[in-house]
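Trainee: I would like to check the labels in this model. Can we take them one by one?

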Amino acid sequence: MKEEASKILRTLPREKAFYFFTSIGNYTGESAASLKEFMEKIKDVNIKSLEFHLYRGDFEKWIAEVLQDEELALELKKLQKFNLTGDAIRKELYTAVSNRLKQLTSQL
Amino acid sequence: MKLKNNAFALDATDLKILEALQEDARQTYTAIGKRLGIAHSTVYDRIRRMEQHGIIRKYTTLIDAEKAGAKNITAIMTVYTDPKESEKVAEKLCQAPQVTEVYTSLSEELQIIAKVVAENQENLHHFIANSVAPLPGVLRIRTSIITKKFKEAQPQILNDPKKSTTKETLDEIGERKE
């Protein structure tokens, strides 16, 4: 359990980080190389970027395939069904990621 | 063709030969010579020297990708970079097969402008997200996908003083065409 939590919470190399875009090919300049950094960026990144990535399934893909956290990936996938827009996306994403972060940190 | 400090200075005949080759690089030395009123051997010698000195870099084929059945998309990507890293970013872009042209430009910030070709929008995004955004020194990226091409041509040699077309206005050119 502790090992799995450490693995998910690790800091990734630059090429494995999540890069925030607002649309195809338009990079905001913001990136996250760990779950903690990802949570922090959710608070500030352009809302268009959150909408763009949520409905493309980019967040769940990165969390499942790179961070290897299937549980959080599933949570984020569920958010797509609610047709959220604007700040509601930011709020729900932040809640889901911060709750998971607290849970994993407590396992260390 | 004269040598100036080990560099070539092209004369009017060289420029005319280049212009003829830009119109049709497959025409014979005889055809070019006839058109310019010079011997085909002169054309041959001048072309050879321009090839040897890299003035003529290569002979290639312009393909209409659409007619050839390719369904590629082309995009113009502007990469804003940290000035200290811009050379390295530009060099990395040059190595990518998806990138066909790379330029740098300095306006308010240092930018690299590149033309990118991809099979579809998803592949374009994948390339930019996985191969361009992670490069050290990349600050942000703006990409415009080209929807319609109005003109694509080789740049003409404009430094021949005897030519007046550069001084003409677009209206004058339009009137002459009519």
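Trainee: How much area do chain B and chain A bury between them?

Mentor: This is a predicted model. In it, chain B and chain A bury about 1200 Å² between them. Carbon and sulfur atoms account for 54% of that. On the chain B side, B:His125, B:Ala133 and B:Pro134 supply 39% of the area buried against chain A, more than any other three residues.

Trainee: What makes A:Arg56 and B:Glu122 a salt bridge?

Mentor: Their closest N and O atoms are 2.8 Å apart. The cut-off is 4 Å between a side-chain nitrogen of Lys or Arg and a carboxyl oxygen of Asp or Glu, so the pair qualifies.

Trainee: Which element gives the most to the side of chain B that touches chain A?

Mentor: Strand 6 of chain B, with 7 residues. By class, that side has 11 nonpolar, 4 polar and 3 charged residues.

Trainee: Why is A:Gln68 called partly exposed?

Mentor: Its relative accessibility is 38%. Buried means under 20% and exposed means over 50%, so A:Gln68 falls in between. A:Gln68 sits in the loop between helix 4 and helix 5 of chain A. Its phi is positive, about 65°, although it is not a glycine.

Trainee: And why does A:Asn83 count as exposed?

Mentor: A:Asn83 has 62% relative accessibility. Exposed means over 50%, so the label holds. A:Asn83 lies in the loop between helix 5 and helix 6 of chain A. A:Asn83 is not a glycine, yet has a positive phi of about 50°.

How values were computed. Residues numbered from 1 in each chain as written. Chains lettered and ligands numbered in written order. Predicted model: local features only at pLDDT ≥ 70, side-chain atom pairs only at ≥ 80, totals over all residues. Heavy atoms only, no water. Buried area = accessible area lost by both parts, 1.4 Å probe. Helix = DSSP H or I, 4+ residues; strand = E, 2+ residues; numbered from the N terminus. Nonpolar A, V, L, I, M, F, W, Y, C, P; charged D, E, K, R; others polar. Buried < 20%, exposed > 50% of the residue type's maximum accessible area, 1.4 Å probe, protein only.
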